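Dear colleague,

Please find below the structure that I am handing over to you. A written account of the findings follows it.

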Amino acid sequence: KKNNSELSVSGGTRQSPINIQWRDSVYDPHLKPLKIHYDPTTCLYIWNNGYSFQVEFDDSADKSVIMGGPLENHYRLKQFHFHWGAINEWGSEHMVDSKVYPAELHLVHWNPVTSTSFEEAIMENNGLVVIGVFLKLGAHHAGLQKLVDALPAVKHKDTIVEFDVFDPSCLMPSCPDYWTYDGSLTTPPLTESVTWIIKKTPIEVDQNQLEEFRMLLFTSAGEEEKRMVDNFRPLQPLMNRTVRSSFR
Ligand SMILES: NS(=O)(=O)c1ccc(C(=O)NCC(F)(F)F)cc1
Ligand SMILES: [Zn+2]
């Protein structure tokens, strides 16, 4: 167990996001398929937290969980959110061989075996698992549209809207392939407590759906409007880390 200062980031050795160099990733035959069991009724609400829009889940029981993959036990879904650009040429946090995507989905989970709450887990070494899914411009995504239709209700920072019965597995690509590496939160407190699982295959969303993301605001009602765009962190050095792949 590391205390807060040991997980501190000044001089961080495992910061996120990174550029995943496909040829440098190492196939690990011991990596299992990722198992995802999300209960759509655990979905609570969407809110604009001033960084992104975030969909929160009831994590008071093992109802929406992931297991397998590189994980030693199960992890509970707490929330998911996105990062995106002002234009389609950039927006994702991670890159693959320096290829950047217009947006990236993060599904945030915590370890209920080693922590008693999400807040505690962010301070635990590998207390968190974040699944990253790239979004690319393409066909309309029917599952995402339900989310997009709710965005006008959370246009301003610190606004919230009820959002029940949503199954985030509809946002998962069908391809099981992923990369995994040890990293950090990409927004403060940037703690080095995250096992990242980055899906190899992007999901497709259409132009209108991306433009709806870009109509959100960083600012609260009544303030001078600042569009919520480019809410991604710059690439961080790989340092002494190896990215493992679940596929040859
Ligand atoms: N972009 S990311 O790495 O998936 C990411 C995931 C979760 C949080 C988060 O919960 N911050 C609030 C906290 F924990 F209270 F500090 C931040 C970043
Ligand atoms: Zn994120």
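In this predicted model, ligand 1 is surrounded by 15 residues, a residue being near a molecule if one of its heavy atoms lies within 4 Å of it. The closest are Phe118, Ile122, Thr186, Thr187 and Pro189. A polar side-chain atom of Thr186 is placed 2.8 Å from a nitrogen atom of ligand 1. For His81, a polar side-chain atom lies 3.3 Å from a nitrogen atom of the ligand, and for His106 such an atom lies 3.4 Å from an oxygen atom of the ligand.

Two conventions apply throughout. Residues are numbered from 1 along each chain as its sequence is written, while chains are lettered from A and ligands numbered from 1 in the order in which they are written. Because the model is predicted, local features need pLDDT of at least 70 and side-chain atom pairs count only at pLDDT 80 or more, whereas totals for chains, interfaces and linings use all residues; side-chain values use heavy atoms, with hydrogens and water left out.

The zinc site

The zinc ion (ligand 2) is coordinated at 2.0 Å by NE2 of His81, NE2 of His83 and ND1 of His106. Donors here are N, O and S atoms within 2.8 Å of the metal (3.2 Å for Na, K and Ca), and since water is not among the atoms, sites may look incomplete. Along the chain, the donors follow the spacing H-x1-H-x22-H. The site has four donor atoms with angles of 98 to 116 degrees among them and is tetrahedral (four donors with all angles between 85 and 135 degrees). Both His81 and His83 are buried, that is, under 20% relative accessible area; exposed means over 50% and partly exposed in between (1.4 Å probe, protein chains only).

The nonpolar cores

A nonpolar core is a set of buried Ala, Val, Leu, Ile, Met, Phe, Trp, Tyr and Cys residues joined through side-chain atoms within 4.5 Å. The largest one has 42 residues, and Phe80 and Phe82 touch the most other members. Among the elements that each supply at least two residues are strand S4 (43–48), strand S9 (103–110) and helix H2 (142–148). Strand S7 gives the largest share, five residues. Helices (H or I, at least four residues) and strands (E, at least two) are DSSP runs, numbered from the N terminus. Apart from this core lies another of 20 residues, including Tyr101, Ile122, Leu128 and Phe134.

Individual residues

Lys78 lies in strand S7 and counts as buried because its relative accessibility is 18%. Beyond four places in sequence, Lys78 has contacts (heavy atoms within 4.5 Å) that include Val55, Glu56, Trp110 and Phe118.

His74 sits in the loop between strand S6 (65–68) and S7. With a relative accessible area of 21%, His74 is partly exposed. The side chains of His74 and Asp62 are joined by a polar contact of 2.8 Å (a pair of N or O atoms within 3.5 Å; within protein, one must be able to donate a hydrogen and the other to accept it, and residues adjacent in sequence count only if both atoms are side-chain atoms).

Thr180 belongs to strand S12 (residues 178–183), and its relative accessibility is 1%, so Thr180 counts as buried. A polar atom of the Thr180 side chain lies 2.7 Å from the backbone oxygen of Trp196.

Yours sincerely

Definitions and conventions. Four donors count as tetrahedral if all angles lie between 85 and 135 degrees; four count as square planar and six as octahedral if opposite donors are over 155 degrees apart and all others between 65 and 115; anything else is irregular.
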